[in-house]
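Student: I'd like to go through a structure and ask how we know what we say about it. Can we start by looking at the picture?

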Amino acid sequence: KQLSLFSETLEEWLNCQRNWLYLESIFSAPDIQRQLPNEAKMFIQVDKSWKDIMRRVQKMPVCIRAATQPGLLETFKTNNSLLEQIQKCLEDYLESKRLLFPRFYFLSNDELLEILSQTRNPL
C-alpha cells in the first residue's frame with residue numbers, strides 16, 4: 001500500500017516539477033504578470049506550495065517517508081490542476097495575440113512569450 005502511494009505521489013510530483021519549471025521562467029517576467037494577473041496569482045500560490053514542500057522534503061533524507069507524508073499527494077494533485085489551468089489560459093492568451101498579428105503564428109510559444117514579455121505596449 002505504501003509503495004503504491006509512493007509511486008502515485010512521485011508521478012504527480014514529477015508532473016508538477018516539469019510544469020512548474022516551465023511556467024516559473026514565464027511568470028518571473030513582470031510584464032507577463034501584468035498581462036495575466038489572475039494566472040500570476042495562481043502561479044504564486046503553486047510556487048509557494050512547491051517551495052514549502054521542497055523545504056520540508058529536504059529535511060527528510062528517506063525518500064519513502066518524504067513522499068508518503070499525509071496530504072502530499074492531494075497537494076500535488078491540486079497544484080497540477082492549477083498549473084494545467086494556468087497553461088491553458090496562457091495558450092489562449094498567446095492565441096489571442098496571434099489572431100491580432102498573424103505573423104506570430106510562425107513563432108513558437110517560447111519565442112512569442114519572450115517578445116511579449118519585452119514589449120512596452122503589448123497588443
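Predicted model: local features only at pLDDT ≥ 70, side-chain atom pairs only at ≥ 80, totals over all residues.

Student: What makes a residue count as buried?

Tutor: Its relative accessible area has to be under 20%.

Student: How many helices and strands does the chain have?

Tutor: There are 6 helices and 0 strands. Reading from the N terminus, you get α-α-α-α-α-α.

Student: How does the radius of gyration of the chain compare with that of a compact globule?

Tutor: A compact globule of 123 residues would come out near 14 Å, but this chain has 17 Å.

Student: Which residues of helix 6 are buried?

Tutor: In helix 6, residues 109-118, they are L112, L113, L116 and S117.

Student: Why do we say that the buried residues of helix 6 line one face?

Tutor: Look down the helix axis: the buried residues of helix 6 fall within an arc of 130 degrees, so they line one face of the helix.

Student: And what do those buried residues pack against?

Tutor: Helix 1 (2-27), helix 2 (30-35) and helix 5 (72-100). Packing here rests on contacts, and a contact needs heavy atoms within 4.5 Å.

Student: What about charge: how many positive and negative side chains are there?

Tutor: The chain has 16 positive and 16 negative ones, and the centres of the two sets lie 6 Å apart.

Terms used
Residues numbered from 1 in each chain as written. Heavy atoms only, no water. Helix = DSSP H or I, 4+ residues; strand = E, 2+ residues; numbered from the N terminus. Rg over C-alpha atoms; globule rule 2.2 N^0.38 Å. Lys, Arg positive; Asp, Glu negative; His and termini not counted. Charge placed at Lys NZ, Arg CZ, Asp CG, Glu CD. Buried < 20%, exposed > 50% of the residue type's maximum accessible area, 1.4 Å probe, protein only. Arc of directions from axis to C-beta.
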